[in-house]
Amino acid sequence: MKLNPLITLKRIVIILAASLISSIGINMFIIPHKLLSGGVSGISLILQYLTGIHAGLFIILINIPLFILSIRELDKEFTMLTIIGTAAQSLFLILTKDVSQFFYSEDLLLSCIYGGTLNGLSLGIIFSNYGSLGGTDIISMILRRRYSLEIGKISFGINIVIVAIGAIFFGIERALYTLVSMFLVSAVIDKVINGFDRKKMLLIVTDKETEIIDKIHQDLKRSSTLLYGLGTYSKKQKKLVYSVVSLSQVPKAKRIVEAADPYAFMSIIDTSEIQGKGFKKSI
């Protein structure tokens, strides 16, 4: 597939910004309390705590053989963006290493919450722009391609091993707080990728399709699609109105349908992502 230079450039800029956010979160909240993170970053933090050498250097060194694997096994654009993101994170980790001098929280739980949130935000942004921060993300994608394994389960297994190693060196309490941070990272990644503004899909079986379609267009400023089906019980042709609205528009959509056709059958379904006119565009 031919790359679009403008889209690729936009992705690079966004990934660089997200890498900076990740680095600030780690240096401000994770490192001061000797907490860990997932994947190669977690391994690098353990090595930093034990040797005094900054994690940014270890991240690059550990990822070099993984980059070679990614070039051989995975998509070239993904590999390029991953190398850029990983290199940026390593550099930003070194450049922002003293950020905790300007803001430091002695509360361990608050540091878990904010560290995990910032990391999850940055990773969600990077994943949404077809990149990653290397490490176990590369391993997970290769294993999924070869053995059809689920990425989430692979990453979870690797992270459990890292937390267990951390518990040996730094105590079970730090490991348990690290799990809290990792949970928040995962939750925020899902929110960023799937979107905070949830959409609802409306599927309406009605004999008043024209009136409902017009009202949805006029009152909600949403378009609709008219589908045709066959009732399996009545054996009669049915008309279905398909539309997607925001969560806040659902109550008004219900009133529109009830006013037009009290006997209409309406199904309201969660949607994780919508792209197209009137909704977010692909990056």
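Mentor: We shall take the overall fold, then the sheet, the cores and the salt bridges.

Trainee: What should I know about the model and its numbering?
Mentor: Residues are numbered from 1 along each chain as its sequence is written, and side-chain values use heavy atoms, with hydrogens and water left out. This is a predicted model, in which local features need pLDDT of at least 70 and side-chain atom pairs count only at pLDDT 80 or more, while totals for chains, interfaces and linings use all residues.

Trainee: How many helices and strands does the chain have?
Mentor: The chain has ten helices and four strands. Both are DSSP runs numbered from the N terminus, helices (H or I) of at least four residues and strands (E) of at least two. In order from the N terminus, the elements are α-α-α-α-α-α-α-α-β-α-β-β-α-β.

Trainee: And what share of the residues is buried?
Mentor: Of the 283 residues in the chain, 42% are buried. Buried means under 20% relative accessible area, exposed means over 50%, and partly exposed lies in between, with a 1.4 Å probe and protein chains only. The accessible surface is about 15900 Å², and carbon and sulfur atoms account for 64% of that surface. Those areas come from the Shrake-Rupley method with a 1.4 Å probe, and for residues only the protein chains shown count as cover.

Trainee: What is the strand order in the sheet?
Mentor: The order is E2-E3-E1-E4, in an open sheet of four strands with antiparallel pairing. Two strands pair if DSSP finds at least two bridges between them.

Trainee: Which are the edge strands?
Mentor: Strand E2 (225–230) and E4 are the edges, each pairing on one side only. From one strand to the next, the twist averages 25 degrees.

Trainee: How many bridges join E1 to E3?
Mentor: Seven bridges join E1 to strand E3 (residues 237–246), and the two run antiparallel. Lys-199 is opposite Ser-246 in E3, and Met-201 is opposite Val-244 in E3. On the other pairing, seven bridges join E1 to strand E4 (residues 265–271), again antiparallel. There, Ile-204 has Met-266 of E4 as its bridge partner.

Trainee: Why is E1 largely enclosed by the rest of the structure?
Mentor: Five of the seven residues of E1 (residues 199–205) are buried, so this strand is largely enclosed.

Trainee: Which strands does H9 lie across?
Mentor: H9 lies across E1, E2 and E3, at about 10 degrees to E3. Helix H10 (residues 250–260) lies across E1, E3 and E4, at about 165 degrees to E4. Axes are lines fitted to C-alpha atoms, for helices over the stretch in contact (heavy atoms within 4.5 Å). The angles run from 0 to 180 degrees between N-to-C directions.

Trainee: Changing topic: how many residues are in the largest nonpolar core?
Mentor: It has 21 residues, and those with the most contacts inside it are Ile-26, Ile-30, Leu-36, Leu-45, Tyr-49 and Ile-138. Helices giving two or more residues to this core include H1 (5–30), H2 (39–51) and H6 (136–147). Another core, of 13 residues, lies apart from it, with Leu-202, Ile-212, Leu-220 and Ala-253 among them. A nonpolar core is a set of buried Ala, Val, Leu, Ile, Met, Phe, Trp, Tyr and Cys residues joined through side-chain atoms within 4.5 Å.

Trainee: Which residues does Leu-36 touch?
Mentor: Leaving aside residues up to four places away in sequence, its contacts include Ile-30, Leu-45, Tyr-49, Ile-162 and Thr-178.

Trainee: How many salt bridges are there?
Mentor: There are six salt bridges, counting a side-chain nitrogen of Lys or Arg within 4 Å of a carboxyl oxygen of Asp or Glu. In one of them, Glu-77 pairs with Arg-11, the closest N and O atoms being 2.8 Å apart. Glu-77 lies in helix H4 and Arg-11 in helix H1, so the pair ties together parts 66 residues apart in sequence.

Trainee: Are those two buried or exposed, and what are the values?
Mentor: Glu-77 is buried, at 6% relative accessible area, and Arg-11 is buried, at 15%.

Trainee: Which residue forms a salt bridge with Lys-200?
Mentor: Asp-270 does, with the closest N and O atoms 2.3 Å apart. Lys-200 is in strand E1 and Asp-270 in strand E4, so the pair ties together parts 70 residues apart in sequence.
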